[in-house]
Amino acid sequence: MRIAFAALHLLALGIGLGAVWSRAGALRGTLDSIGMRRVFSADAWWGVSAVLWLVTGLARLFMGVEKSTAYYMTNPLFHAKMGLFLLILLLEIWPMIVLIRWRRLIARDAAVDTAPASRLATVSTVEALLVVVIVFVAVAMARGY
C-alpha cells in the first residue's frame, strides 16, 4: 500500500508537470478547434493530476501509510510544500474559470474571446515552475532535512 500511494503520488507530479506545461504551450499556439482541443486535453490532465495528488497525499498524511501525521505537521518543509501547493491552487482559480467558460461557449458554438490566452499561458508556466520547486522540497523532506 505504501509503495502504491508513493508511486501514484510521484506519477501525479509527472502527469501534472507535463499537463500544465503542455497547456501553456497550447495556449501560446493557434487557438483554432484543434488548438482548443489541445488546451482542453492538457487542462483535463492537469485536473486529473490535482485529484491524484490530493487523494494520494491525504492518504499518505492521514492513513499512516508513510510517516506519522505528527512528523508532517511539525516539518517546516512539509509546510513549505503545502504552501506551494496552495499557491498553485490559488493561481489556478482564474484559468479554471476562463477555461470552463470557453468550454461552455464552444459547446454552444458561440464565439470565444481568446485574448487572455497569453496570460493564461504565463500562469500555467509559473504553475509548472512551482511544481518543480515542490519536487525539490519533497526530495529534501524525504531525505530528512
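Colleague: What is the handedness of the crossing where α1 passes α2?

Modeller: In this predicted model, α1 crosses α2 in a left-handed sense. Their axes lie 7 Å apart and pack at an angle of about 155°.

Colleague: Why are they described as roughly antiparallel?

Modeller: Angles over 145 degrees count as roughly antiparallel, and α1 and α2 pack at about 155°, so they are roughly antiparallel to each other.

Colleague: Which residue classes make up the contact of α1 with α2?

Modeller: That contact has 17 nonpolar, 7 polar and 4 charged residues.

Colleague: Turning to α4 and α5, at what angle do their axes cross?

Modeller: The axes cross at roughly 160° and come within 9 Å. That makes α4 roughly antiparallel to α5. The crossing of α4 and α5 is left-handed. By class, their contact has 24 nonpolar and 4 charged residues, with no polar ones.

Colleague: Now the largest nonpolar core. Which residues touch the most other members?

Modeller: They are W46, W53, L84, I88, V131 and I134, in a core of 14 residues. Two or more residues come from each of α1 (2-28), α2 (33-62), α4 (76-107) and α5 (117-142). The most come from α5, which gives 5 residues.

Colleague: What is I88 in contact with, leaving aside its neighbours within four places in sequence?

Modeller: I88 is in contact with W46, E127, L130, V131 and I134.

Colleague: And which residues does the second core include?

Modeller: That separate core has 11 residues, among them M36, V39, F40 and A117.

Conventions:
Residues are numbered from 1 along each chain as its sequence is written. This is a predicted model: local features need pLDDT of at least 70, side-chain atom pairs count only at pLDDT 80 or more; totals for chains, interfaces and linings use all residues. Side-chain values use heavy atoms; hydrogens and water are left out. A nonpolar core is a set of buried Ala, Val, Leu, Ile, Met, Phe, Trp, Tyr and Cys residues joined through side-chain atoms within 4.5 Å. Buried means under 20% relative accessible area, exposed over 50%, partly exposed in between (1.4 Å probe, protein chains only). Helices (H or I, at least four residues) and strands (E, at least two) are DSSP runs, numbered from the N terminus. Contact means heavy atoms within 4.5 Å. Axes are lines fitted to C-alpha atoms, for helices over the stretch in contact, and angles run from 0 to 180 degrees between N-to-C directions. Angles under 35 degrees count as roughly parallel, over 145 as roughly antiparallel, 65 to 115 as roughly perpendicular and the rest as oblique. A crossing is left-handed if the near helix is turned anticlockwise from the far one by less than a right angle, and right-handed if clockwise. Ala, Val, Leu, Ile, Met, Phe, Trp, Tyr, Cys and Pro count as nonpolar, Asp, Glu, Lys and Arg as charged, and the others, Gly among them, as polar.
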